[in-house]
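Open the model in your viewer and keep the sequence beside it. This tour tells you what to select at each stop.

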Amino acid sequence: MIDRRLRKNLKSFIIVHPSWFIRTILAVTRPFISSKFSNKIQYVNTLADLNELIPMEYVNVPESIVKLDEELRETSAKASCLSNEPEITSVQQDINMTTKSS
């Protein structure tokens with residue numbers, strides 16, 4: 001548990017690279033956590049997103065976490081490319097259909 005004095009002075013509680021397990025645990029325990037503290041919890045998927053929230057010059061991020069962040073960004077980029085391909089072809093098919101019917 002987090003000490004009451006720390007919870008009162010805490011501006012935000014940022015979780016970087018949250019797993020489904022962490023998200024589930026926090027979702028299950030949310031009814032037992034004060035609403036003020038729950039509102040302070042933020043999820044950040046990448047270190048770039050964290051950089052938007054706080055100045056990274058004061059944060060010491062371990063090299064293993066930087067490597068993990070790079071790997072996650074690469075896999076998400078590959079996944080988004082794969083998921084966009086069917087959308088592009090369906091748009092192209094729609095364009096082809098409209099040009100043929102004209």
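**Before you start**

This is a predicted model, in which local features need pLDDT of at least 70, side-chain atom pairs count only at pLDDT 80 or more, and totals for chains, interfaces and linings use all residues. Residues are numbered from 1 along each chain as its sequence is written, and side-chain values use heavy atoms, with hydrogens and water left out.

**Stop 1: the whole chain**

Show the protein chain as a cartoon. How many helices and strands are in the protein chain? There are 5 helices and 2 strands. Helices (H or I, at least four residues) and strands (E, at least two) are DSSP runs, numbered from the N terminus. Trace the chain from the N terminus, and the elements run α-β-α-α-β-α-α.

The protein chain exposes about 8500 Å². Carbon and sulfur atoms supply 58% of that area. Accessible areas come from the Shrake-Rupley method with a 1.4 Å probe; for residues, only the protein chains shown count as cover.

Buried residues make up 14% of the 102 residues in the protein chain. Buried means under 20% relative accessible area, exposed means over 50%, and partly exposed lies in between (1.4 Å probe, protein chains only).

Next come contacts, meaning heavy atoms within 4.5 Å. Take the contacts between residues at least 6 apart in sequence: 67% of them join residues at least 24 apart.

**Stop 2: helix 4**

Select L50. This residue is in helix 4. Is L50 buried or exposed? L50 has a relative accessible area of 7%, so it counts as buried. Which residues does L50 touch, not counting residues up to four places away in sequence? They are I14, V16, V44 and M56. Draw a distance from L50 to I14. The two are 36 residues apart in sequence, but 8.3 Å apart in space, C-alpha to C-alpha.

Move to L47. L47 is also placed in helix 4, which covers residues 47-53. L47 is buried too, at 13% relative accessible area. Residues up to four places away in sequence aside, L47 touches V16, H17, V61, I65, V66 and D69.

**Stop 3: D69 and its partner**

Select D69, in helix 5. D69 is buried, with a relative accessible area of 4%. Leave aside its neighbours within four places in sequence, and D69 is in contact with H17, N45, T46 and L47.

The side chains of D69 and R73 meet in a salt bridge, at 3.3 Å from N to O. A salt bridge is a side-chain nitrogen of Lys or Arg within 4 Å of a carboxyl oxygen of Asp or Glu. By this rule the count comes to 1 salt bridge. Side chains of opposite charge can pair when their charged atoms come close.

Look along the helix. D69 and R73 are 4 residues apart in helix 5, so about one helical turn separates them. R73 is partly exposed, at 42% relative accessibility.

**Stop 4**

Select H17. H17 sits in the loop between strand 1 (13-16) and helix 2. Its phi is near 55 degrees, a positive value in a residue other than glycine. At 18% relative accessibility, H17 counts as buried.

S19 lies in the loop between strand 1 and helix 2. S19 is partly exposed, at 31% relative accessibility. From S19 to Y43 is 24 residues in sequence and 10.0 Å in space, C-alpha to C-alpha.

**Stop 5: the nonpolar patch**

Select W20, F21, I22, I25 and Y43. Together they form a nonpolar patch on the surface, with about 530 Å² of accessible area. Patches are made of residues with over 30% relative accessible area and no salt bridge: like charges are joined within 9 Å, nonpolar side chains (Val, Leu, Ile, Met, Phe, Trp, Tyr) within 5 Å. Helix 2 (residues 20-29) gives the most to this patch, with 4 residues. Y43 is in strand 2 (residues 41-44).

**Stop 6: the negative patch**

Finish with E63, E70, E71 and E74. These residues gather in a surface patch of negative charge. Lys and Arg count as positive and Asp and Glu as negative; His and the chain ends are not counted. The place of a charge is taken as NZ of Lys, CZ of Arg, CG of Asp or CD of Glu. Zoom in on E71, in helix 5 (residues 63-101). E71 is partly exposed, at 49% relative accessibility.
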